Amino acid sequence: MTQHVAEKMPPAPPITGGAGASASPGRRRRRFSTLTRVDRLILLGMVAIPTFLVVFFILLPTILSVVLSFTSWNGIGGIDRIKFNGLDNYVNLFTKYKPFWPAFTHNILWLAFFIFVATPIGLFLAVLLDKGMRGTRVYQSVLYMPVVLSLAIVGFIWQLQYSPDQGFLNNVLGTTSRDPGFIDWLGDKDINLWAVLVAASWRHIGYVMVLYLAGLKAVDPGLREAAQIDGANERQTFFRVVFPVLRPINVVVLVITVIESLRAFDIAYIINRGKNGLELLSILVTNNLIGEASLIGFGSSIAVILLLISLGPIVYFLVRSVREEAT
Amino acid sequence: MSAATQPPQGHTRKPRDWNRTFLHVFLIAICIVWLFPLLWTVYQSLRPYAETSSKGFVSLPDTLTLDNYANAWNKAELARYFLNTLVIVVPAVVIVLFLASMMAFAVSRYSWRFNLVLLMLFTALNLLPPQVIITPLFRMYLSIPIFPPLSDNGLLYDQYLGMIVIHVAFQLGFCTFVLSNYMKTLPKELNEAAVVDGASVWTTYSRVIMPLTKPALAALATLEFTFIYNDFFWALMLMRTGAKYPITSALNNLKGQFFVDNNLVAAGALIVALPTLVVYLVLQRQFIGGLTLGSTKG
C-alpha cells in the first residue's frame, strides 16, 4: 500500500548508489547478531520504554477490568477487601440494571446509523470529489472541517441548533415550548438519539470521505479505462471494478466506524450526561465509577461488555493486516 | 451516463457539461448545509443577548459586536485554561512522537522475534475505547506514588503529569503504527550503508532515518495536537481541580457558571474551537496526510 502513502505524503527521497542497492531481492534486514552490545542495549531501550508505557497503562488496566468484573469491590478499603462473586455482576447487569439494555440498544443504533447512513454518504461525497472538478479542494476543506472539532464542541454547536426556545430549528419552525406541536429535539427521549446522531454524523461523514478519497485516488486509472472500453457504464464501473479494489480502505473505514460508535461519549455527556434516551455503554461505565456509589466491580462488567464488542473489529483488522503482510 | 460507451465526440460533450454544472450546484448546496451550524454559531456569538431575546433568534441584526467574546474570555478566565492545555499538549506531543519514532525504528528496520506481536499489541490497544480501561486506571492513578517535583499531591490523579502520561500511552499505538508503516517504505539498504560507514544504531536512527521521516512526523504532530487538544474524557475522569482543567473539558463546567445564555455559549465554543480550526486551515495537507497515512496501510 505504499502508493497510497506516496499519494498523500511527499515521498521519501530516493536513495541512489546505496550499498548493495542491487543485491539479492530477498528480505535482507540487519540481524541482531551483527550488532555491538551497546547497539543492542540502545535498541532494547527504544522498544522497552514505549512497550512498558503501553503495557502498564493500557494492557494492565484492560486485564484488571476483566478481573474486577468478577468481584464486588466498591473501591473502599485495600485490595485485600476485594471479594470474588462469580458472575453476579453480569446477572445483575442483564436482568436488574435498568439502563443496560437501553444503552446497549443505543450503541447498536449508533453503529447501524454510522454504517448504513453516515458511511455511504461519506463514500458518495468522495466519489463526487474524485471526479477532479475545479474547486474540489475547497469542497473537501469545507466537508472535512467538522472533523477537527472535538465531539464536545460539536455538542455545543448543535445545542444551538436544537435548544428548545433559543435554538435555530424551533425558531425557524416558529414553535416555542408552550405550543402543542413543539419538538424538544434533545429533551424528548424518542427523538434525542437521532438528533445527536445527525450531529455526530456531521463529523463522521467528513472523516470517512477523506479516507475514501485517498483510496480512490490510488485506484489504477487503467482499471477504469479497461472497464469503460468493455462497455461498462459509470455505475457498473464503480460497483464492479472500483469498489472491490477499495477493499483495504473498506476494512479501515469499517473498523474506525465501529470503534467510533463504541467510543461515543462526549456529545451525550455534554447534552444531558447520557440520561433519558441518550444512555450509552461508555457513560454507564463512568456513572458507576464516579457516581454516588462507586461500584467498581459492577462498572467493570459493563467495561468488559464494551471490550468484548470492540474485540470483534480489532481482531478482524489484525487478521487482515497480517494476511496482507504475508502476501 | 450512458454516453460513456460512445467515443467522445462533439455531441457527447454537452450533457457532460450539464452534469458538471449540476454537480457543482449540488456540492455547493451540501457545503452550505455543512457550514451552516458553524456559521449560525458565529452569527449568534456576534449578537447581544438582549437583542436576540427581544427580536427573536432568527432575525436580522441591529448590532453586531464582539462583546460576547470579550465577556466569555474575561469572565470565564479562558486564558488560564488555554495555558493548562498548553502544559499538557506540548510535552505530550513531543514525547509521544519521540517514543513512537524509536519504537517504529526498532520494529521496522531490524528483524526481531517479537516484532509482529508487539506491533499487533500496540495496534489492538490503540483501538480500545478508553472507557474499557478507565475504572482500573482511575484506581491506579489514586494509588501510584509520585514524588513532589513531579506531583503536588503525591499521585498521578489530578496532575498534569498524569494527563501527559495517559495521552502518551494511549496515542503511542497509533503513532507507532503510522511511523513504522512510513519507515518500511524507506529503502532497506540505508541501514546497511550506515553500518558500512561505521554508524551506531543511535546514529542510524537520529542521522539517517529520522531526517527522512520528517514529513510523517510533521503530519502526525498536527494530528496529535488536535487529538490531545480535543480530549474531553481523560481530563473529566482523571482531573478533579476545576482550575486545572484543560480548555475542552473546562468548557462544560463554565457553561452553567459563566455562559448563561446561548450567545455567550456560542462565543465560548468558538474561542475553544479556534486553535484547531486555525491549525487545520494552515496545515491542511499535513492534517489529511497524517490521517490517510494511518489508514491506507491495510
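**View 1. H4(B) goes past H9(B) in a right-handed crossing.** Right-handed here means the near helix is turned clockwise from the far one by less than a right angle, and left-handed means anticlockwise. This is a predicted model, so local features need pLDDT of at least 70 and side-chain atom pairs pLDDT 80 or more, while totals for chains, interfaces and linings use all residues. Residues are numbered from 1 along each chain as its sequence is written, with chains lettered from A and ligands numbered from 1 in the order in which they are written.

H4 (residues 78-109) and H9 (residues 201-229) of chain B pack at about 140°, axes 9 Å apart. That angle makes H4(B) oblique to H9(B) (under 35 degrees is roughly parallel, over 145 roughly antiparallel, 65 to 115 roughly perpendicular, the rest oblique). Among the residues making the contact are B:Ile88 and B:Phe105 of H4(B), plus B:Leu217 and B:Tyr229 of H9(B); contact means C-beta atoms, placed from the backbone, within 7 Å.

**View 2. In chain A, H11(A) passes H14(A) in a left-handed crossing.** Helix H11 (residues 247-263) and helix H14 (residues 296-326) of chain A pack at about 165°, with axes 10 Å apart. So H11(A) and H14(A) are roughly antiparallel to each other. Here A:Val251 and A:Leu262 are among the H11(A) residues that meet H14(A), whose own partners include A:Ser310 and A:Arg320.

**View 3. Where the two chains touch, chain B brings 100 residues and chain A brings 97.** On chain B's side, helix H1 (residues 10-46) gives the largest share, with twelve residues.

Definitions and conventions:
Axes fitted to C-alpha atoms, helices over the stretch in contact; angles between N-to-C directions. Helix = DSSP H or I, 4+ residues; strand = E, 2+ residues; numbered from the N terminus.
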